[in-house]
Amino acid sequence: MNKQLLFVKRPKGEADASTWSLVTNPVPEIEEGQILVKQHYVSLDPAMRGWMNEGKSYIAPMEIGSVMRAGSVGQVVVSKNPKFEVGQFVAGTGGVQQYAVTDGKGFYQVDPQLAPLPMYIGTLGMPGMTAYFGITEVAKLKEGETVLVSGAAGAVGSIVGQIAKIKGCQVIGIAGGPKKCKYVVEQLGFDACIDYKNENVATRFKEECPKGVDIYFDNVGGEILDIALTRLRRHARIVICGAISQYNNKTNIKGPSNYLSLLVNRASMTGMVVFDYADRYKEGAQILGGWLAQGKLKSREDVYKGIEKFPETFNRLFTGDKMGKLVLKVIDN
């Protein structure tokens, strides 16, 4: 049997248990050209909250009654597709379910001997690709620059900051709470970390970035983005990767009021979507994998168990009650 989490109601504000329905159906038969994947882990990402909304976005909104969209990693158990063999492990977008049927499009083979499976939906998956291409291609990182990263203890921000350190930059993180800030500095190697929950962010920005920042990699939006705009250097670049502080708003998203700083400093603010770099994922994974093997890059996955626990685990993204990449194990054994 196949446990599946169906998306049944568009949330207004924070998603809750009524947003989804857990059902059990027979494992489907596959047709020619398809594979059946027994899923081990699914990825929980802030972007999933945006996929639930109606309206135009970089990806089609989820349809009511469909399996909740999510990245996943698992093992091929039946194959009628010559590109995949039974026993192979694959990653792709299999959704929140224990078994996924797919024609293989968007799925690729992974090796659990080289890295733990959860890492393929974390540092070696979409979050890692977001960090790598966001900081190197969109931000156009240069050695010696000062880089500010929000969501620094999260799946994307933690990798962004470490890449910037590898590339010889000064890196300041922003995270919530002393435990996360200590992790960012002592474990990930950032030069400093600002605790937005317990410190005056504007004051700490001035202390840690007295000459301003060359790059601000934004994962949170809202007030922190607005304050960061006041600390830009000439020709600074802001990367808009996400706005987790705004995703559960019941009112309009709060935009920046200090945007004229872009004009004054001849700076730029650019949105990024990782799917634009899909044809280069292999390149990104090879580089990140090399740094992991050399001990230059650290990866942390926060793994929870049980497809039934999806709603409460998902909301850890927004309460901040997690560290690193949030992953849910969905198989029962």
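Student: Which residue in E11 is the bridge partner of Leu 148?
Tutor: The partner of Leu 148 in E11 is Tyr 216. Please keep in mind that this is a predicted model.

Student: Which strands does that bridge belong to, and in what sense do they pair?
Tutor: Strand E8, residues 146-150, pairs with strand E11, residues 213-218, in the parallel sense. The pairing of E8 with E11 extends over 3 bridges.

Student: What is the strand order of the sheet?
Tutor: The order is E10-E9-E8-E11-E12-E13, in an open sheet of 6 strands with parallel pairing. Strands E10 (192-195) and E13 (268-271) each have a single partner strand, so one side of each lacks a neighbour in the sheet. From one strand to the next, the twist averages 15°.

Student: Which helix lies across E8, E9 and E11?
Tutor: That is helix H3, residues 157-166, which runs at about 170° to E8. Helix H4, residues 178-187, also packs on the sheet, where it touches E9 and E10. The direction of H4 makes about 165° with that of E10.

Student: Staying with H4, which of its residues are buried?
Tutor: They are Lys 180, Cys 181, Tyr 183 and Val 184. Viewed down the axis of H4, these buried residues fall within an arc of 160°, so they line one face of the helix. Their cover includes strands E9 and E10.

Student: And which residues are exposed on the other side of H4?
Tutor: Pro 178, Lys 179, Lys 182 and Glu 186 are exposed there. After H4 comes Gly 189, which has a positive phi near 90°.

Student: Changing topic: is Ser 43 buried or exposed?
Tutor: Ser 43 is buried, because its relative accessible area is 3%, and buried here stands for under 20%. Ser 43 is found in strand E3, residues 35-43.

Student: What polar contacts does the side chain of Ser 43 make?
Tutor: One, of 2.5 Å, is with the side chain of Asp 45. Another, of 2.8 Å, joins Ser 43 to the side chain of Lys 325. Beyond its neighbours within four places in sequence, the residues in contact with Ser 43 include Met 48, Ala 70, Gly 71 and Ile 121.

Student: Where is Val 96?
Tutor: Val 96 is in the loop between strand E5 (89-92) and strand E6 (99-102).

Student: What is Val 96 in contact with, leaving aside its neighbours within four places in sequence?
Tutor: Its contacts are Gln 4, Leu 5, Val 42, Val 67, Met 68, Ala 70, Ile 307 and Phe 310. Val 96 and Leu 44 are 52 residues apart in sequence, and their C-alpha atoms are 9.6 Å apart in space.

Student: Lastly, the whole chain: how many helices and strands are there?
Tutor: The chain has 10 helices and 15 strands. Its radius of gyration is 20 Å, close to the 20 Å that the globule rule gives for 333 residues, so the chain is as compact as a globular protein of that length. The C-alpha trace spans about 60 × 45 × 35 Å along its principal axes.

Student: What percentage of the residues is buried?
Tutor: Buried residues account for 52% of the 333 residues. As for contacts between residues at least 6 apart in sequence, 64% join residues at least 24 apart.

Key
Residues numbered from 1 in each chain as written. Predicted model: local features only at pLDDT ≥ 70, side-chain atom pairs only at ≥ 80, totals over all residues. Heavy atoms only, no water. Pairing = 2+ DSSP bridges. Helix = DSSP H or I, 4+ residues; strand = E, 2+ residues; numbered from the N terminus. Axes fitted to C-alpha atoms, helices over the stretch in contact; angles between N-to-C directions. Contact = heavy atoms within 4.5 Å. Buried < 20%, exposed > 50% of the residue type's maximum accessible area, 1.4 Å probe, protein only. Arc of directions from axis to C-beta. Polar contact = N/O pair within 3.5 Å; in protein donor to acceptor, adjacent residues only side chain to side chain. Rg over C-alpha atoms; globule rule 2.2 N^0.38 Å.
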